[in-house]
Amino acid sequence: MGVLETIAILLSCSLCFYLLFFFLTLLRKMWWTPNRIQRAMNLQGIRGPPYRFVYGNMKEVLNMTTATMSKPMGLSHNIFPRLQPHLHSWLNIYGKNMLMWHGPEAQLVITESEYAKEILNDKEKIYLKGGIEGFLKKLLGDGLVTSKGEKWAKLRKLVNHAFYAESLKDMVPVMIESVEMMLERWKHHEGKEIEVLEEFRLLASEVISRTAFGSSYLEGKGIFEMLMKMVTIYSRNFFKIRLLGLSQFWNRSDDIESDKLEREIRNSITRIIRNREKVSREQGNFGTDLLGLLVEAYNNPDETNRITLEDVVDECKTTYIAGHETTTNLLSWTILLLAIYTDWQDELRKEVLELFGEQKPNAEGIARMKKVHPMTLYLI
């Protein structure tokens, strides 16, 4: 037998072995392990919708969500069946605690308070924070929301310093100024409909940029727009399940676009970081906002307290996206409720006028408010 024939046989054997190993690994991850977990949970009284090969329950979740969202909804507080129809249905069928599947990944859903308390207390560190991957990893990186252990503790300490009570007091004038700019825009839309969700999105991005990063909204606008594109990509791929190892051989358009966005977001945030370093050399300090504290930690001569450039970038992304989306949605929901319950508009407006009169709100007065949430203060 010639050398070429021997090499061909070895390559064929290697390929067959690799394909067999890949198939067995796929079978173990996609079938054997999920069914083993499902049987073990059933023996403990935890039931749920049956696992489907590869997709788990994602096709059912997608179909139920699409069906509910395709129908108009009246004004009602009963939004759980609409936003998460699968949980509403399955919890009624399988009980207060159940097992469902995001592809081959098991998800334990709990609704009983004693279990929630046990998980949140977790003094023995039994319940570990799950990892993230794919588009969500590109979106959030390894910031405070996703990090673990010592890194989480270090980042948590830095963020806490940025949002101490005294620091929040200094942010109030900036918040008021941003709201005044928004209300001035609204004056030009008198008698016309206003898309408040979009308006609050602009407001939140302005406030976060100026209070946490010391930059104007125009400087952070590009970052916000790219992050919103990443959120859109993540959302439309949430129900899609990728086969093990498939991304190594095939990149979809969303993979290519998200990689590009991730690089551009990193470059944009890095430029802001470098600008802050330049300013710090001229002024002798990094600043007391979140970005200043992060950049100071990045330049810390003590290695035990130092963080990397990637840590700074990821924490900036986390603050941008987490603070932006939560604030936008909360403000929009608050305004909707005030539009429904007009008597509360009178109650809250009365409290504001009693405390501040015609003056602008201040931190001391906000602390004395009983009915008005500080975040809705200047919108009524």
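Is K151 buried, partly exposed or exposed? K151 is partly exposed, because its relative accessible area is 28%. The legends below describe close-up views of a predicted model.

**View 1. A salt bridge joins the side chains of D311 and K151.** The nitrogen and oxygen of this contact are 2.8 Å apart. D311 belongs to helix 13 (residues 309-340) and K151 to helix 7 (residues 149-162), so the pair ties together parts that are 160 residues apart in sequence. With a relative accessible area of 10%, D311 is buried, whereas K151, at 28%, is partly exposed. The structure has 16 salt bridges by the rule applied here.

**View 2. Within helix 13, K317 and D314 form a salt bridge.** Their side chains meet at 3.9 Å, N to O. The two residues are three positions apart, which is about one turn of the helix. Both K317 and D314 are buried.

**View 3. The side chains of D254 and R236 meet in a salt bridge.** The distance from N to O is 2.7 Å. Because D254 lies in helix 11 (residues 253-283) and R236 in helix 10 (residues 217-236), the contact ties together parts that are 18 residues apart in sequence. D254 counts as buried, at 9% relative accessibility, while R236 is partly exposed, at 41%.

**View 4. One aromatic cluster is formed by W31, Y51, F53 and W101.** A pair of aromatic rings is described by the distance of the centres and the angle of the planes. The structure holds six aromatic pairs. In the pair of W31 and Y51, the ring centres are 6.4 Å apart and the planes stand at 50 degrees, so the pair is tilted. This pair links distant parts of the chain, with W31 in helix 1 and Y51 in the loop between helix 1 and helix 2, 20 residues apart. Y51 is buried, at 6% relative accessibility. The rings of W31 and F53 have centres 6.2 Å apart and planes at 65 degrees; the pair is therefore edge-to-face. F53 also lies in the loop between helix 1 and helix 2, and so this pair ties W31 to a part 22 residues away in sequence.

**View 5. A nonpolar patch on the surface includes W31 and F53.** W31 is partly exposed, with a relative accessible area of 42%. F53 is likewise partly exposed, at 42%.

How values were computed
Residues numbered from 1 in each chain as written. Predicted model: local features only at pLDDT ≥ 70, side-chain atom pairs only at ≥ 80, totals over all residues. Heavy atoms only, no water. Patch = residues over 30% accessible without salt bridge, like charges linked within 9 Å, V, L, I, M, F, W, Y side chains within 5 Å. Areas by Shrake-Rupley, 256 points an atom, 1.4 Å probe, with all protein chains shown as cover. Salt bridge = Lys/Arg side-chain N within 4 Å of Asp/Glu carboxyl O. Buried < 20%, exposed > 50% of the residue type's maximum accessible area, 1.4 Å probe, protein only. Phe/Tyr/Trp six-rings, centres within 6.5 Å; stacked < 30°, edge-to-face > 60°. Helix = DSSP H or I, 4+ residues; strand = E, 2+ residues; numbered from the N terminus.
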